[in-house]
Amino acid sequence: MQEAPTNHPAATAIGVARRRRPRAVALALGAIALAIGLVAPASTFAATPTAAATDGSTATACTGGAWPRSVQGMPTLHAGSPAGDYLWHDATGWHLRVTHVGTAGVVFSGTIRANHKLHVTGYRLETGDKFTVSADGLSVSYRFVNHGRIDGLNFTTECATRLGISGRMSGALLPIRRIWIGHLGRHPLQNPFVILRNA
């Protein structure tokens, strides 16, 4: 009896599919792992500590460890960048900026809460822009009418170990894709979200 030819198109297609399946599965798992690595740290932003563990206002080291690497450094930002919140930490403390495309007035608002006192100053605020620090110093609420330039806050935390952040645009919670954090511009997993200093 003659054997079926091995180069039959259907047989070849099935053979190729079977050979590629393990590789395709490995690539899919790798992509999932990469996506988790890019997104998961944003949920609480607890990651490998940076070298400095100060709160930005003093050279004294904080006992709670450093803020995570994922929040360090300014995200890509300029006047007229995509609408949303831009947040980062560096040697001078924390920075929040808002902007949007165009010159129409867009209202950005939100609240930042910490477990130690906040020291807050405004950045390029205009008439009608305001922020209010709570009586106990543990939170700041802001409301900026942005016209396409950059408005924001600078703040330090007296070695706080936890920040809770909530941002809104035109009264609605910002979608997470509209919040950029740290040099890599990562997005949190939700809004509001929490950033923890490393233990």
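In this predicted model, Ala66 lies in the loop that runs between helix H2 (41-44) and strand E1 (84-90). The relative accessibility of Ala66 is 2%, and Ala66 therefore counts as buried, since the cut-off for that class is under 20% relative accessible area. Between Ala66 and Cys159 there are 9.3 Å in space, taken from C-alpha to C-alpha, although the two residues are 93 residues apart in sequence.

In sequence order, the elements of the protein chain follow the pattern α-α-β-β-β-β-β-β-β-β-β-β-β. Of the contacts in the protein chain with a separation of 6 or more, 65% are accounted for by residues 24 or more positions apart.

Of the 199 residues in the protein chain, 39% are buried. The protein chain has an accessible surface of about 11,000 Å². Carbon and sulfur atoms contribute 60% of this surface.

Empty space inside the model was also examined. Rolling a probe the size of a water molecule over the atoms shows where such space is left. Across the whole structure, the search finds one cavity of 30 Å³ or more. The volume of the largest cavity is about 30 Å³. Its lining consists of Asp85, Leu87, Leu96, Ile165, Ile179 and Phe193. Sorted by class, this lining of the largest cavity comprises five nonpolar residues and one charged residue, with no polar residues.

Methods: Residues numbered from 1 in each chain as written. Predicted model: local features only at pLDDT ≥ 70, side-chain atom pairs only at ≥ 80, totals over all residues. Heavy atoms only, no water. 1 Å grid on protein atoms, 1.4 Å probe; cavity = no way out; pocket = protein on both sides within 12 Å on 5 of 7 lines; lining within 4 Å. Points joined across faces, edges and corners; volume = space filled by probe spheres on them. Nonpolar A, V, L, I, M, F, W, Y, C, P; charged D, E, K, R; others polar. Helix = DSSP H or I, 4+ residues; strand = E, 2+ residues; numbered from the N terminus. Buried < 20%, exposed > 50% of the residue type's maximum accessible area, 1.4 Å probe, protein only. Contact = heavy atoms within 4.5 Å. Areas by Shrake-Rupley, 256 points an atom, 1.4 Å probe, with all protein chains shown as cover.
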